[in-house]
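Open the model in a viewer and follow the stops below in order. Each stop says what to select and what is there.

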Amino acid sequence: RLALRVLGARLRRDRDGLRVLLICIVLLGTACSLYFLAELVMAAFFPVLHLAGCPAVACAAAAAFLPQ
């Protein structure tokens, strides 16, 4: 009986270890995907807005002051 309990405890411990490993892999994958999404937004979206926003504001301001 004691040997079966020891074997059962080891199997539960191994199963819990695998569960923790699986959770860590899922969390790491989620963090990596969010990091790459943030990097894409910062590298592509904000420079485009910065470069396109200044001339658009300047053109709108110039059009507002020019006579029709």
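**Whole chain**

Start with everything selected: of the 68 residues in the protein, 0% are buried. This is a predicted model. The cut-off behind that figure is a relative accessible area under 20%.

**Secondary structure**

Switch to a cartoon view. The protein has 1 helix and 0 strands. Select residues 2-65 to pick out helix α1.

**Nonpolar patch**

Next, select Leu 34, Leu 37, Leu 40, Val 41, Met 42, Phe 45 and Phe 46. Together these residues make a nonpolar surface patch with about 690 Å² of accessible area. Is Leu 34 buried or exposed? Leu 34 counts as exposed because its relative accessibility is 52%, and the class begins over 50%.

**Cysteines**

Now select Cys 24 and then Cys 32. Cys 24 has a relative accessibility of 45%, so this residue counts as partly exposed. Cys 32 is partly exposed too, because its relative accessible area is 35%. How many disulfides does a search of the whole structure find? The search returns 0 disulfides.

Definitions and conventions:
Residues numbered from 1 in each chain as written. Predicted model: local features only at pLDDT ≥ 70, side-chain atom pairs only at ≥ 80, totals over all residues. Heavy atoms only, no water. Patch = residues over 30% accessible without salt bridge, like charges linked within 9 Å, V, L, I, M, F, W, Y side chains within 5 Å. Areas by Shrake-Rupley, 256 points an atom, 1.4 Å probe, with all protein chains shown as cover. Salt bridge = Lys/Arg side-chain N within 4 Å of Asp/Glu carboxyl O. Helix = DSSP H or I, 4+ residues; strand = E, 2+ residues; numbered from the N terminus. Buried < 20%, exposed > 50% of the residue type's maximum accessible area, 1.4 Å probe, protein only. Disulfide = S-S within 2.5 Å.
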